[in-house]
Amino acid sequence: MRTSAGRIFALIVKELLTMFRDPKGRVILIVPPIMQMVVFAFAATLEVKNISVVIYNQDTGSHGAEIVHRLAGSPAFTDITFVDRNEAIRPAIDQQKAIAAISIPQDFSRDIEAGRAARLQVILDGRRSNAAQIVNGYITTIITAYGNEIEAVRGTTQPSIRIDGRNWFNENLLYRWFTLPSLVGILAMMIALVVTSLSVARERELGTFDQLLVSPLMPLEILVGKTIPAVIIGIAEGLLIWTVAITAFGIPFKGSFLLLLFALFIFIMATVGTGLFISAISKTQQQAVLGTFIFMVPAVTLSGYTAPVENMPLWLQKVTYLNPLKYFLITLKGLFLKDMSFHDVWTNTWPLLIIGGLTMFLAGWFFTKRLE
Amino acid sequence: MRRLTALIRKETRQILRDPSTFLIAFLQPLILLFIFGYGVNLDSNKIRIGLVVEDNTPDTASLVRAFTNSRFLEVRLGQDRREFEHDLVIGHIRGIVVIPQDFSIDMALQTGAVNLQVIADGAEPNIASFVQNYTFGVVQVWLQHEAEDRGQSAAALPIRVLPRFWYNAELKSRNFLVPGSIAIIMTLIGTMLTALVISREWERGTMESMMATPVTITQILLGKLIPYFVMGIGSMTLCTLVCTLVYDVPFRGTYPALLAATSVFLLAALGQGLLISSVAKDQFVASQIALMAAFLPALMLSGFIFEIHSMPRPIQLLTHVFAVRYFVTSLQTLFLTGNVWPLLIHCMAAMLVISMVFFALTTRKTKKRLDA
C-alpha cells in the first residue's frame, strides 16, 4: 500500500496526463487564452481615437477658420466633414457618421473682435455618452486654449490658472496598461475554473468517477488530487500572460515578483475552490458549463474591469466583497503600476483565503455527501 | 408541410419539457440585465479626490468651496499631499488636486503663472481623464464667478462652448449600456442555446434517428429553427419590458422596427448556433466554440462598451463579421434616437447577409450522413 501522499501524487500525475494527452483539451488550454489576450488587448479600450466630426462654419472671419484649422490639426480628429446647412447636422449624428457636430455661428469673429462673448455650439451623440463626454473635453480644451491666446494678444488677460495635469502610474493614460494586468487575473481564473468544474463532471458522465471511487483513494484525497493540478495550470497560465504582457506589450512591472506569486497562488486557490464547488453540485457537463458561466459573467462584470466598482450603487458595492477577482485586480494593478507594498497586498489577499477556505469546505461537504 | 409542423411540434414540446432551456431563455436574461444594469456604469458620478490646500486665504477658500460644491467630486481636505499619496496607491481616492503655496499672491499679482496641480490615478485611465476634465470645469466656472464678482461680466471668456448631448441629455451610460446588453443576451440565447441543444442531439444519437425518417435536411433545420426563433422573440419582449419599465430607458423607435431588427438578428444568431453544433457535434466543444465565437465578440467587439472607432484598423474590420455589432447599433438607435431608417436598413441588410452565409454553410455541412 502506498502512503496517502503517494496516492495523491499518482492522481495528480493522472490528471495532468489526461489533460495534456487529449488534443481537444490541449487546444482549449492554449488557444483561447492567447486569442482572448490579443483581442482584449487591442479591442478593449475606452480611449477615444479616430474621431469623426461635422463642422458647420457660418463664420466668414478669421477666428472661425482658425478654430477649424486647429481641430483639423489635432491627431484625435481624423475625419472632418464640412456641411453648409444646419439640417445636415441631424442626419450625420443620427446615422452615426459623426459623434460630434460643431456649429460656428455667423457673427462669431465679429463678436470676438467686438469683445463680446462668442458662442460655439457643440452637438454630441448621447447614444455613446462616455465617448461623447471625452470628445467634448478635447474640443473644449482646444477652444479654450485659443480663447486664452486671444486674450493674451489683446493684453486684457483675465486671471487665468494653468492646470498642471499629471497622471501618476500611467502618464499617458494608456488603456492597455489597465487591460493587460487585469487579464492576468481574468484569464487565469477562466482556465482554472473550466479545468476544475469540468474535470469531475466529465468523469461522472463518462463513468470513470466510479473507478476512482473503488480505488484506495479516500474522498478527501480525490479532492486534493483534483485541486493541485488545477492550481498548477492556473498559476502557469497567469505567469504566461504576465510574461507576454511585460515582454510583448511592454507593460511595466514595478512591484515584487514574489508578492505577485504569493497573491496569484491564493487567488487561484480561491478560484479552484469555486470550481470544485460548481463541479460538486452539477450532475452533467452541461450543468457544469452553465454553472461556470453563471459565476464567471458576474465575477468579471463586478470586478472593476468593465466598469469601476465605485460607480455601482452602494448595495452592489457590498456584493463585490464576495468576488475574488475584485481583490486580485487591485493587487495586480498595484503590483504592475504602483509598486504596492506587502501590507497593501495583504489587505487585498486575506479575503481570498476566506473565500477559498469556504468554497473548498462546501465542495468537500457536497462531494462526500454525494458519495454516501 | 405536414412533416414540418410535426417536427415543430416535437421541438416545441422538447423545449417546454426541458426546464434548463427555459431557465436559459427567461431567467438568465433577467439575471444578466440586472448585473449589466446596475454593475456596468461608466458615469463617474462622484469621484473621490484629495484636495491639498497649501495656501489658506479667503481667495483659496472660495476655490475650495467651488470644489466641495461640485456634484461630480467628493472632496477630502488636507494640508500636505503626502497624506493622500498612499490613498491614491490603494485606490481610496482617484486624484489629488494641489492648491500651491503662492496661489493667492500669484493671483493678485497676475504673474500669469498661477499653477494648480492635478494628479490623477493613471491605473484607472477612464476615471483619470474624468478627474482632469472635472477639475478643469470647476476651475473655469470659478474663474468666471470671480470675474463677475469683480464686475467684469460676460466678457470674461472670449469663447463659450455650449455642449449639447442629443438623445441622452442626462448623460446616463445606463441608457446605452442596457439596450446594448440585450444584444448580448440575445446572442447567448440564439447561439449558445442552439449550439448546446443540437450538439446534445448529436452526442446522444437522437439526430441519427431523425435521419432515419423521411424528412429532408431542410425540414430538420427549419423544425429546429422556428421554435427557438419564437422563444427568442419571447425573451426579447421580456428584455424590452424590463428595460423600459424597470430601468426607465426611453424607447423612441417603433415596435415593428424593433421586431424586424430582432428577427433578422435572431436568424443570424440561430444560424451561427446551428453551424457550431453541426461542426462540433459534442457539447463541450460546442460550448467552448460558442463562448469564443459568439459571447466574447458580443462583449468585446460589438461596440457595447468599447468604441469600435477607437480600435486598430484590422480589429475594426473584424467586427463586421459579427452580426451582433449591427444589432447593438440598431438597439441603441431604436431606444434612444428613433427610427433612423438609413442606418437601420444598413444594419439589417448586413445581418441578413451574415445569416445567409451561416445557413449556406450549415446546409453544406449537415448531410444526411452518419460518417461526416
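Biologist: Which residue in S3(B) is the bridge partner of B:Ile49?

Modeller: This is a predicted model, where local features need pLDDT of at least 70, side-chain atom pairs count only at 80 or more, and totals for chains, interfaces and linings use all residues. Residues are numbered from 1 along each chain as its sequence is written, with chains lettered from A and ligands numbered from 1 in written order. In S3(B), B:Ile49 has as its bridge partner B:Gly95.

Biologist: How many bridges join S1(B) to S3(B)?

Modeller: S3 of chain B covers residues 95–99. Strands here are DSSP E runs of at least two residues, helices H or I runs of at least four, numbered from the N terminus. S1(B) and S3(B) run parallel, and the bridges joining them number five.

Biologist: Which residue of S2(B) is the bridge partner of B:Arg48?

Modeller: S1(B) also pairs with S2(B), residues 73–78, in the parallel sense over six bridges (pairing takes at least two DSSP bridges). In S2(B), B:Arg48 is bridged to B:Glu74.

Biologist: Through which helix does the chain cross from S1(B) to S2(B)?

Modeller: The path is a right-handed β-α-β crossover (clockwise from first strand over helix to second, strands pointing away from the viewer). The helix spans residues 58–69 of chain B and is H3.

Biologist: Why is S1(B) largely enclosed, and how many of its residues are buried?

Modeller: S1(B) runs over residues 47–53. Buried means 20 or more other C-beta atoms, placed from the backbone, within 10 Å of a residue's own; 12 or fewer is exposed, in between partly exposed. S1(B) is largely enclosed by the rest of the structure because its buried residues are six of the seven.
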